[in-house]
Amino acid sequence: MSTTRTRPALVVLGAAALLTASVAVPQASAAARTPTALTWYDATAETVATAGAATQITNSRTWAISWLAAARAAGSVPAGVDRGTYQEAALAGAVHRALVTLAPSRTEQLDAKFKETLDALPDGPAEERGVAAGERQADVLLASRKGDGLDPASVNAPYAVRPAEPGVWQPTPPDYAPAAQYGNRLAEPFLLKTQSQFRLPPPPALDSARYAADLAEVRAYGAADSTVRSARQTETATFWLGSSLTLYTEPLRVALSRTHQGIAGQARLVALFHVALVDTQIATSDSKYAYDRWRPVTAIRTGGIAPDPGWTPLHTTPAHPDYPSGHNTYAGAAQTVLSALAGPRTAPFTLTSPTAPGVTRTYTAWKQLSDDNVDARVFSGIHTRSADEAGITLGTNVARYVLQNTGRLLAPR
């Protein structure tokens, strides 16, 4: 490879990135540049934010493929090359190749970022072989995940709503939209043996004391016109209302920036996080549609001994069954992976939310995010506490299984 680099567009020949040379560009010092893992983390987040799919699990798939390829490539370094250079090149090669394939509209920006990364690395066999390894792992993984059922059309496969009866999910006001995410339970997991491997036990019986308490809590604290929900509780509901993938992008970045496990460990952290979250979302839809539990708004308006036809939740109810809460399966899985790989506590970090402009919250433990998620869905009026707590359990179980099988997942192909 040439010992000089230029600013013109990057030309990829085979597995190595070659630059047309005329003007030498000095390489950035390691101390003066953003670490490669953070550079490509931010590039992935920007790609998903600007060119992502309308379905969260499809975007989680993009993260999982990109970073699992990086973890596989960076985890094994051949003899005779500089380890650091090889791993940085491997990570960049894997994530770049996966992202330009999955989000081709971002190719120009991603090519420029790839060039910056390679400009900062020494030319030679370590760089060339690292890029080649990363691209190879990305290509293998992309091929293996083709037709996995996680595209938006498959995710929202049609679902035949069952006839109305107590406890059975029905489309909810105000839009009475068709069921969403049914197709998740038909998709191919990354690691789970079956979609139903961690199916939850049934939700509380409709005539149980637990369900009566659940519904009473939502009726009181989750109503749009609640007189008992505090301002802080309303803020919690609004803060955690949006996409879990979006809300957890910054906490994962915090963990990534603070880990001391080296670039292979950084790639592994992001990969395992998102693989666990894809499989968790698949398992979530399996339990949701296995039990088909009605939402609180339906139960409060039409069920029980004192139905309230005018009751309205603080936030609009999503178009899928109550049990379990998807926000909380996500939170449980995220907490489990972050606690295992970055420790359960961390130095204080601040978090903002696109659904609560101007609000900043400070956290020091991953469990605190889970606790807020559990409360938020009750205060929003869209889930029972049983559904929230079951969600934490399901996400935890899936993530533990992923962590217990990392060798099978991370072995290079």
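Predicted model: local features only at pLDDT ≥ 70, side-chain atom pairs only at ≥ 80, totals over all residues.
User: Let's start inside the protein. What makes the largest nonpolar core a core, and which residues have the most contacts in it?

Analyst: Happy to start there! A nonpolar core is a set of buried nonpolar residues joined through side-chain atoms within 4.5 Å. The largest such set in this model has 86 residues, and those with the most contacts inside it are W40, W67, L68, L91, W240, Y248 and F273. Helix α11 (residues 262-291) gives the most to this core, with 13 residues.

User: Which residues does W40 contact, leaving aside its neighbours within four places in sequence?

Analyst: W40 is in contact with W67, L91, A92, V95, H96, L110, K113, F114 and T117.

User: Why is S370 called buried?

Analyst: Buried means under 20% relative accessible area. S370 has 2%, so it is buried. This serine is found in helix α14 (residues 366-379). Not counting residues up to four places away in sequence, S370 touches Y248, N328, A331, G332, Q335 and I392.

User: And why does L142 count as buried?

Analyst: The same cut-off applies, under 20%. L142 has 13% relative accessibility, so it counts as buried. Its place is in helix α5, and beyond residues up to four places away in sequence it touches I65, R97, A98, T101 and L102. L102 is 40 residues from L142 along the chain, with 8.9 Å between their C-alpha atoms.

User: Why are α8 and α14 called roughly perpendicular?

Analyst: Angles of 65 to 115 degrees count as roughly perpendicular. Helix α8 (residues 231-239) and α14 pack at about 100°, with their axes 8 Å apart. The two helices are therefore roughly perpendicular to each other. Where they meet, Q233, T236 and A237 come from α8, while D372, A376 and F379 come from α14. By class, that contact has three nonpolar, two polar and one charged residues.

User: What is the peptide bond from P173 to P174, cis or trans?

Analyst: That bond is cis, with omega near 5°. P174 is found in the loop between α6 (152-155) and α7 (209-221). Y323 and P324 are also joined by a cis peptide bond, with omega about 0°, and P324 sits in the loop between α12 (296-302) and α13 (326-342).

User: What makes Q181 partly exposed?

Analyst: Q181 has a relative accessible area of 30%, so it is partly exposed. This glutamine is found in the loop between α6 and α7. Phi of Q181 is near 70°, again positive in a residue other than glycine.

How values were computed:
Residues numbered from 1 in each chain as written. Heavy atoms only, no water. Buried < 20%, exposed > 50% of the residue type's maximum accessible area, 1.4 Å probe, protein only. Helix = DSSP H or I, 4+ residues; strand = E, 2+ residues; numbered from the N terminus. Contact = heavy atoms within 4.5 Å. Axes fitted to C-alpha atoms, helices over the stretch in contact; angles between N-to-C directions. Parallel < 35°, antiparallel > 145°, perpendicular 65-115°, else oblique. Nonpolar A, V, L, I, M, F, W, Y, C, P; charged D, E, K, R; others polar.
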